[in-house]
Amino acid sequence: MKTYGKIDSFKKMNIKVILNDTDVLYEGRVDDAPADIKDMRYTKALLGKVTEIYVYQDNNKEQ
């Protein structure tokens with residue numbers, strides 16, 4: 001599965017980070033997110049009032 005940049009590239013946005021299409025890992029402002037969330041690479045993003053960012057476990061293992 002193709003991955004894109006890190007979540008921290010969504011500066012000053014309200015986000016919801018969703019793991020494997022089911023689990024919400026984080027919801028809030030990007031700037032307030034923990035470092036491990038900011039460093040994740042996303043696969044899909046749906047822009048809106050709260051931007052939904054999709055990540056998958058296999059894509060975020062150490063490379």
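The following legends describe close-up views of a predicted model.

**View 1. Four strands of the predicted model form an open sheet.**
The strands are arranged in the order E2-E1-E4-E3, and their pairing is mixed. Strand E2 (23-29) and strand E3 (44-46) stand at the edges. Each of these two has a single partner strand, so one side of each is left without a neighbour in the sheet. On average, neighbouring strands of this sheet are turned by 20° against each other, direction ignored.

**View 2. Strand E4 pairs with E1 in the parallel sense and with E3 in the antiparallel sense.**
Five bridges connect E1 and E4. In this view, leucine 19 has valine 55 of E4 as its bridge partner. Three bridges join E3 to strand E4, which comprises residues 51-55. Here, alanine 45 has isoleucine 53 of E4 as its bridge partner. E3 and E4 are also joined by a hairpin, through four residues. E4 is mostly covered, since four of its five residues are buried.

**View 3. Phenylalanine 10 and tyrosine 42 form an edge-to-face aromatic pair.**
A pair of aromatic rings is described by the distance of the centres and the angle of the planes. For phenylalanine 10 and tyrosine 42, the distance is 5.0 Å centre to centre and the angle between the planes is 65°. The angle counts as edge-to-face because it is over 60 degrees. The pair links distant parts of the chain, with its two residues 32 residues apart. Phenylalanine 10 lies in the segment before strand E1 (14-19), whereas tyrosine 42 lies in the loop between helix H1 (35-38) and E3. Phenylalanine 10 counts as buried because its relative accessibility is 10%, under the limit of 20%. Tyrosine 42 counts as buried as well, at 16% relative accessibility. A search of the whole structure finds two aromatic pairs. Ring pairs link Tyr4, Phe10 and Tyr42 into a cluster.

**View 4. The charged end of lysine 44 sits over the ring of tyrosine 54.**
The charged end of lysine 44 is 4.6 Å from the centre of this ring. Lysine 44 is also among the residues that isoleucine 53 touches.

**View 5. The largest nonpolar core contains 13 residues.**
Within this core, the residues that touch the most other members are Ile7, Ile15, Val17, Tyr26, Ile37, Ile53 and Val55. The elements that give two or more residues to the core are E1 and E4. E1 gives the most, with three residues.

**View 6. Threonine 51 is a buried residue of strand E4.**
Threonine 51 has a relative accessibility of 0% and therefore counts as buried. Leaving aside its neighbours within four places in sequence, threonine 51 is in contact with Phe10, Met13, Asn14, Ile15, Lys16 and Leu46.

**View 7. Valine 50 lies in the loop between E3 and E4.**
At 36% relative accessibility, valine 50 counts as partly exposed. Residues up to four places away in sequence not being counted, valine 50 touches Asn14, Ile15, Lys16 and Glu27. Valine 50 and arginine 29 are 21 residues apart in sequence, and their C-alpha atoms are 9.3 Å apart in space.

**View 8. Aspartate 36 is an exposed residue in helix H1.**
The relative accessible area of aspartate 36 is 54%. This residue counts as exposed because the value is over 50%. Aspartate 36 and phenylalanine 10 are 26 residues apart along the chain, and their C-alpha atoms are separated by 15 Å. Phenylalanine 10, by contrast, counts as buried.

Definitions and conventions: Residues numbered from 1 in each chain as written. Predicted model: local features only at pLDDT ≥ 70, side-chain atom pairs only at ≥ 80, totals over all residues. Heavy atoms only, no water. Pairing = 2+ DSSP bridges. Axes fitted to C-alpha atoms, helices over the stretch in contact; angles between N-to-C directions. Phe/Tyr/Trp six-rings, centres within 6.5 Å; stacked < 30°, edge-to-face > 60°. Buried < 20%, exposed > 50% of the residue type's maximum accessible area, 1.4 Å probe, protein only. Lys NZ or Arg CZ within 6 Å of the ring centre and 35° of its normal. Core = buried A, V, L, I, M, F, W, Y, C linked by side-chain atoms within 4.5 Å. Contact = heavy atoms within 4.5 Å.
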